[in-house]
Amino acid sequence: MATKKLASWALALQFSNLTQPVTDMAVKSIYNWAGCAIGGYALPPAGIALEALSPLLPQHSGNCSILGSDALVDVQTAALVNGIASHVDDYDDTHADTPVHPSGPVASALLAMAELRSPVSGPDFITAFVAGVEAECKLGVAVYPEHYDIGWHITSTTGSIGAAVAVGKLLGLDLEQLQHAIGIASVQVIGMRDSFGTDTKPFHVGRAAQSGIQAAVLAQNGYGSMLEGLEGEYGWAHVVSTRQNVTKELSTLGSIWEITKNTFKPFPCDRIIHAAIDGWIQIHDQAVKKGLRIADIKNATARVNPIVLSLTDNHDPKTGLDAKFSVYHAGAVALIYGEATPAQFTDEVVKDSAVISLRDKVSVTAAKEVSEHEAFVAVEFANGTKLEIHVEHALGSVEKPLSAEQLKEKFLEQVSAQIGDKQAAAAFSAFSQIANMTDVGKIARKFKQHPRLYKELNSSP
């Protein structure tokens, strides 16, 4: 009865049930997602998707926002494009116990629905968000690692169900309707790891958000599905993994909050690389203080967990655009710039001669005794000076989380580049105060100046 258990719990969940740590993490997750979505719209995949789909949409087809742009579209297209944008930089949140990026599918679906069904209060939005995140993360834990190891992109395969639960709660579905919504979402399994490194990877996230909306709206209007879509003999859990424990994991709903295990990335790449980047940035800072020239680096090394090498083996670590996904490129930019933000993961930086030269001097070895969030890094200079750093816990990990101020800086850096400093500050104020809003559907009006909204925006208190 796993599907019924999940649906019952989600429908019963109230904002008053949420502890302060849960609420705080939900708000951080939402504004981190918004920052990634607004900033991510600058990259080609989101814009290409919107431009490609626009001819298929009727004129004036909706009033749902594409964050980072002035476009207003229908609810499904908004969920799709915002989901793509939120994941394209690989800068979004990550659940500590699985590789699930929780906010992308759920928040992308919820914001679009909140705009469509205005007014939706901040507390109602947050409660639905938490329900969706708990759903996808519990399912992720139930099938991980086997599900991921055989090639599924766990964010989108669980995300469509999480989005359906969140939207279903927002729509006020009854128990049987939400079970049907979960069943409809569960058959829309999307996302395979073979797409990693291509535009299709962030498409997984947007499509999961879109699928969740479809599932909830279909169920609301009487569309039927199996009532045991998760646990049935040929249901989701048994089809997508050789091991699953859905019933056990869902039994902890409300007692173990998966959202409190959410983490936020300081660097726009796979978190398994973050410890090495953290160490190289520290070495950069030491080198500057000691008056050592980065140009004089003879070699840079990192001893890491074997999974790092398995990740980089999927891409060419030395040439072309794939280099921006590798530890080699990350090491080079961390040492040269003393930071690793989206600005250092552009095609231009990948092809920069100084970056290429230093990238060729980076070497990585693996050791089983090194944990997944640990690294031993070292840099040797031409004069014989050697600097070494042991990173026990990477920045952004559960043990060493980003502070509220660091999260704000991350948001403003991404968003300012897309919509300017003034609007970025307004966007941060809006999303970070979402719990106090009476109508989340109007949140974009706090910072977005679409011609159709300009007059109302500037006359709002």
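Lys386 and Glu388 meet through their side chains in a salt bridge, with 3.9 Å from N to O; the term stands for a side-chain nitrogen of Lys or Arg within 4 Å of a carboxyl oxygen of Asp or Glu. Both Lys386 and Glu388 are exposed; here exposed means over 50% relative accessible area, buried under 20%, and partly exposed in between, with a 1.4 Å probe and protein chains only. Please keep in mind that this is a predicted model, in which local features need pLDDT of at least 70 and side-chain atom pairs count only at pLDDT 80 or more, while totals for chains, interfaces and linings use all residues. Residues are numbered from 1 along each chain as its sequence is written, and side-chain values use heavy atoms, with hydrogens and water left out.

**Salt bridges**

- By this rule, the count comes to ten salt bridges.
- Arg293 pairs with Asp296 in a salt bridge, their closest N and O atoms being 3.1 Å apart, and Asp296 is partly exposed at a relative accessible area of 31%.
- Another salt bridge links Glu369 and Arg303, with 3.5 Å between the closest N and O atoms.
- Glu369 sits in the loop between β6 (362-366) and β7 (375-381) and Arg303 in strand β5 (residues 297-304), so this pair ties together parts that are 66 residues apart in sequence.
- Helices (H or I, at least four residues) and strands (E, at least two) are DSSP runs, numbered from the N terminus.
- Glu369 counts as exposed because its relative accessibility is 61%, whereas Arg303, with a relative accessible area of 30%, is partly exposed.

- The protein chain is divided into domain 1 (2-264) and domain 2 (271-391), with bounds that come from an automatic or database domain assignment.
- Their C-alpha centres lie 34 Å apart.
- Six residues of domain 2 are in contact with ten residues of domain 1, where contact means heavy atoms within 4.5 Å.
- Domain 1 and domain 2 bury about 540 Å² between them, 53% of it on carbon and sulfur atoms; buried area is the accessible area (1.4 Å probe) that two parts lose on being put together, summed over both.
- By class, the side of domain 1 that touches domain 2 has four nonpolar, five polar and one charged residues.
- Across this interface of domain 1 and domain 2, the rule finds zero salt bridges.

**Buried residues**

- His284 belongs to helix α13 (residues 274-290) and counts as buried because its relative accessibility is 11%.
- Leaving aside residues up to four places away in sequence, His284 touches Ile294, Ala334, Leu335, Ile336, Tyr337 and Gly338.
- Ser397 is found in the loop between β8 (386-391) and α18 (404-419), and at 7% relative accessibility Ser397 is buried.

**Backbone features**

- Most residues other than glycine have a negative phi, and most peptide bonds are trans.
- Asp90 has a positive phi of about 55° although it is not a glycine.
- Asp90 lies in the loop between α4 (75-87) and β3 (94-95), and counts as buried at 11% relative accessibility.
- The peptide bond from Ser118 to Pro119 is cis, with omega near 10°, and Pro119 has its place in the loop between α5 (103-116) and α6 (122-143).
- From Tyr144 to Pro145 the peptide bond is cis, with omega near 10°; Pro145 lies in the loop between α6 and α7 (146-149).

Terms used
Ala, Val, Leu, Ile, Met, Phe, Trp, Tyr, Cys and Pro count as nonpolar, Asp, Glu, Lys and Arg as charged, and the others, Gly among them, as polar.
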